[in-house]
Each structure stands twice: as C-alpha cells, then as structure tokens.
Amino acid sequence: MAEYRIALLPGDGIGPEVVSVARRVMEACSKHQGFSITFKEFPFGAEYYLKHKEVLPKGAFDDIGESKALLLGAVGDPRVPPGPLEQELLLALRFHFDQYLNLRPAVSFPNVPIPIRLGSDQQIDMLIVRENTEDFYMNLGGHGFGQMSAGFLAERALYSATGNISLNFTPPIEAAYSMGILSEPAIRRIANKAFQLAGMLQKPRMHSATKSNALPHLYGFWDRIVEDVSHSYPAVELVRINVDNLAYKLPRSPLDFGVVLCPNLFGDIISDLVSGLTGGLGLTASGNIGDTLSMFEPVHGSAPDIAGTGRANPLAAVLSASMMLNYIGEQEGAAVIDAAVHQYLRTDVGQAFPIELGGTLKTDEVGDRLVSIILDEDD
Ligand code: NAD
Ligand code: IPM
Ligand code: MN
C-alpha cells in the first residue's frame, strides 16, 4: 500500500477551518482508494508569532521539507501588521523551496453563480501561470526621510544578489521605495513551463501579461526573454498583452483566454480577478511547484471578516488537496475528489450549497457532504 507523509500548515483565520475539511476529504479518499496518508501538522501563523515573538523556530523548514508535499490554509491576521507572516512564512516557503511555478486554474463549475453572462455550453477554462520567486516580491526596499541608504541581499535558489541603494530627496521628504528584479533564468524556466502547458491546448496559444510600456526595464526584459523562448515552441501562438488591457478583456471575453503567463505581482492580482469570474475565491485552488517540496493552497487568504462563522467555502482547499494528490502520483484519488466536488455542485444546488455560493451549508457541513459522496454513504 502506498504511504505518504503530508505536511499541513493550517495558518490563520479560515485557514484551519478549510484545511480541516480538506484533511477529512483526503482521509475519505485514501480509504476509498486504499493508500495511506500520515499528516504532520505545523502550528505556525499569527498565534505562534504572538506567543513566541518569532515567525518560525530554527529548523522549521527542514522539518516541513521531510514531507512529500505541503497543504497550506492561509496566513495573515488583523492582530499582526501586514508583512511578517506573509513574508517570513508564506513567501519564505515559496522562496526556500524554490517553488517557482505557481499554477492557478480558473474553471467554470456547474450551477455556481457568476457575475457575467455565459451561454449554457460555454465554459471558462483558464490557467494562470505565475512566476513565483521574483518581480516586486524580492522584499528589497526601504523607507526614510530625505536620505535613504541601505545594503541589500536577495537570496534565491538561482542566485544571490547583493548591492547598495542610496536615495536623496530635495527637499527632504518622507518616502518609500520597493525594487523589482527579474532574471533571465527565472523568466526562461517559467516561460518554458507555460509554453509546454499551452501546447496541450486545443488551440495552442499563450498570453504573456506585462506592462512594458510603463516599466520597460523590468517587463521589456521579460517580453524579450519570453519571445526568445517562444522560438522553441513554434506550434504555440504567443500573444503579448498589457496587464491593464488583460484586466479589461477578461470579464468581457473570458473564453478567449487559456494559459496566461504573468510575472509575480500581476499573477497575484489576475488570479483573484479570474476567481471572481468563475464563482469566488472559495473555489480556486493553486499549486506552488518546485523541484523539492511543493506547496498547495487555496488562492484566497485568511478572510478574517468571516473567520469563525462557518461561512468559509472549503472547496478551494479541497481542490488544492486534489491538485496535491495528483502531484504526488495519486491521480485516481485526485479524480475521485474532483468528481465528488462536481457531483455535489450538480446535485445539491440551492439550499445545500456553501454560504458563499448562496446556500446555507457551513464549512464543515460541506465537508460532510463530500465525505459521504466519496464513501458512497447515504445521508
Ligand atoms: P482574502 O482572500 O482573505 O478575502 C477576500 C474576500 O473574500 C473576503 O471578503 C473574504 O471573506 C472572502 N473569501 C475569501 N476566501 C473565502 C472562502 N473560502 N469562502 C468564502 N469567502 C471567502 O483576502 P484579504 O481580505 O485581502 O486578506 C486577508 C488576510 O489574508 C491578509 O492578512 C492577507 O495578507 C492574507 N492573505 C493570505 C493569503 C495566503 O495565505 N495565501 C492569500 C491572500 C491573502
Ligand atoms: C496569494 C497572496 C500572497 C501573494 C500574499 C499573502 C503575500 O495574495 O498567495 O495570492 O501575494 O502571493
Ligand atoms: Mn493573492
């Protein structure tokens, strides 16, 4: 019997609520399929930070890295100012394990209300391919009054970059800056992945979303490398698009888009936009893929506005768990979970939908339904 060790990092807010459902669904799936999963849960997040005055203890990433894959709920808490948890936990995990490929599918689901009108036979089927290690996520920046100077160090699996930055403002005013970096190997490897994925489409086409008109240094460079990579994929049409125009077109003609390659920051924003188009953040899953430990998580955050109310839709976490099973080699198990989600959405439309989708079912109750569908139990 195949045995897997899976790390769980439920995190903050609705994170633990949706991860608990994803765990139950994976347990039901492993029972159904005859494989075994041992979960190792990590307590990091706001509670841990407030109690221990540090985001992570020494060696935490080594412990997490011993698992086959990691399922994360969400991090971020109103008691902690924005920054430390997101940077030192979530982004640090992505960078430490060099999870350079962020896959964020956005697809239509049966009976899920959406904010635009589509024909009954029309389906949104998009995949946001987000570069996950660079751009404005380098954490290089500063803040000061009049004069600012700082050394910087950016460490990534592909390189380490060191330098100094010094700024003078006349008259002396308070100011802040952030620096974006893109590197040739990082653009090249993500572009290769995106072209390969686009090559599998019925109409092989890839959009690459940048903003090289306003930021030519950074994104003109991206465009040039992506164009160069495109020569290895002659069957795939490359369409370069400004990200503002993409944001305009997505709600108007979502069916025109399949694989959309984005630098880190635009990929973040566009993935929430397409979540909105396909029915909500409670439905969109993601994978942060690298060559060592990969991490799966819903696209949504910790949603402090609904934490503790049962209003969190756990389907994004459940579908992230399914992506994870697919990744570790349990494709049939993943298909069982996807089929259970589809069956639930097809048959339970109305009152038995999650609250986010207009129904009355609380987070755990959605989990109960999925478990009974998978184990073929009567309600
Ligand atoms: P959010 O994604 O947490 O919430 C945005 C809106 O969507 C909220 O109204 C929320 O109630 C709703 N929502 C989100 N997920 C839902 C679900 N599963 N079911 C029903 N409704 C859902 O974004 P935010 O409010 O900008 O951020 C809140 C916190 O989460 C911040 O601290 C932020 O830094 C953090 N965050 C973390 C992650 C992550 O861990 N991957 C991602 C995004 C935001
Ligand atoms: C996401 C989140 C994170 C990001 C935040 C919490 C740092 O918005 O995973 O989409 O920007 O990548
Ligand atoms: Mn985001």
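**From one side chain to the ligands**

Modeller: The side chains of asparagine 139 and glutamine 87 make a polar contact at 3.1 Å. A polar contact here is a pair of N or O atoms within 3.5 Å; within protein, one must be able to donate a hydrogen and the other to accept it, and residues adjacent in sequence count only if both atoms are side-chain atoms. This is a predicted model, in which local features need pLDDT of at least 70 and side-chain atom pairs count only at pLDDT 80 or more, while totals for chains, interfaces and linings use all residues. Residues are numbered from 1 along each chain as its sequence is written, chains are lettered from A and ligands numbered from 1 in the order in which they are written, and side-chain values use heavy atoms, with hydrogens and water left out.

Asparagine 139 sits in strand 6, residues 135-145. Strands (E, at least two residues) and helices (H or I, at least four) are DSSP runs numbered from the N terminus. With a relative accessible area of 54%, asparagine 139 is exposed; buried means under 20%, exposed over 50%, and partly exposed in between, with a 1.4 Å probe and protein chains only. Leucine 153 is 14 residues away from asparagine 139 in sequence, and their C-alpha atoms are 9.5 Å apart.

Now to ligand 2. Around ligand 2 stand Glu86, Leu90, Arg94, Arg104, Arg130, Tyr137, Asp268 and Val299, where a residue is near if one of its heavy atoms lies within 4 Å. Helix 4 (residues 84-96) supplies 3 residues to this shell, the most of any contributor. By class, the shell holds 5 charged and 3 nonpolar residues, and no polar ones. Asp, Glu, Lys and Arg count as charged; Ala, Val, Leu, Ile, Met, Phe, Trp, Tyr, Cys and Pro as nonpolar; the others, Gly among them, as polar.

Oxygen atoms of ligand 2 come close to side-chain N or O atoms: the distance is 2.7 Å for arginine 94, 2.8 Å for arginine 130 and 2.8 Å for aspartate 268. The protein buries 77% of the 320 Å² that ligand 2 exposes when taken alone. Such areas come from the Shrake-Rupley method with a 1.4 Å probe; for residues, only the protein chains shown count as cover.

Oxygen atoms of ligand 1 lie 2.9 Å from a polar backbone atom of valine 75 and 3.1 Å from one of serine 302. A nitrogen atom of ligand 1 is 3.4 Å from a polar side-chain atom of histidine 300. Alone, ligand 1 exposes 810 Å², of which the protein buries 69%.

Aspartate 98 is not a glycine, yet its phi is positive, near 50 degrees. It counts as buried, at 14% relative accessibility. Asparagine 111, in the loop between strand 4 and strand 5 (125-131), likewise has a positive phi, about 65 degrees. At 41% relative accessibility, asparagine 111 is partly exposed.

Two further places concern the backbone. The peptide bond from threonine 170 to proline 171 is cis, with omega near -5 degrees, and proline 171 lies in the loop between strand 8 (160-168) and strand 9 (174-181). In helix 8 (residues 264-278) is threonine 278, buried at 2% relative accessibility. A polar atom of the threonine 278 side chain lies 3.0 Å from the backbone oxygen of valine 274.
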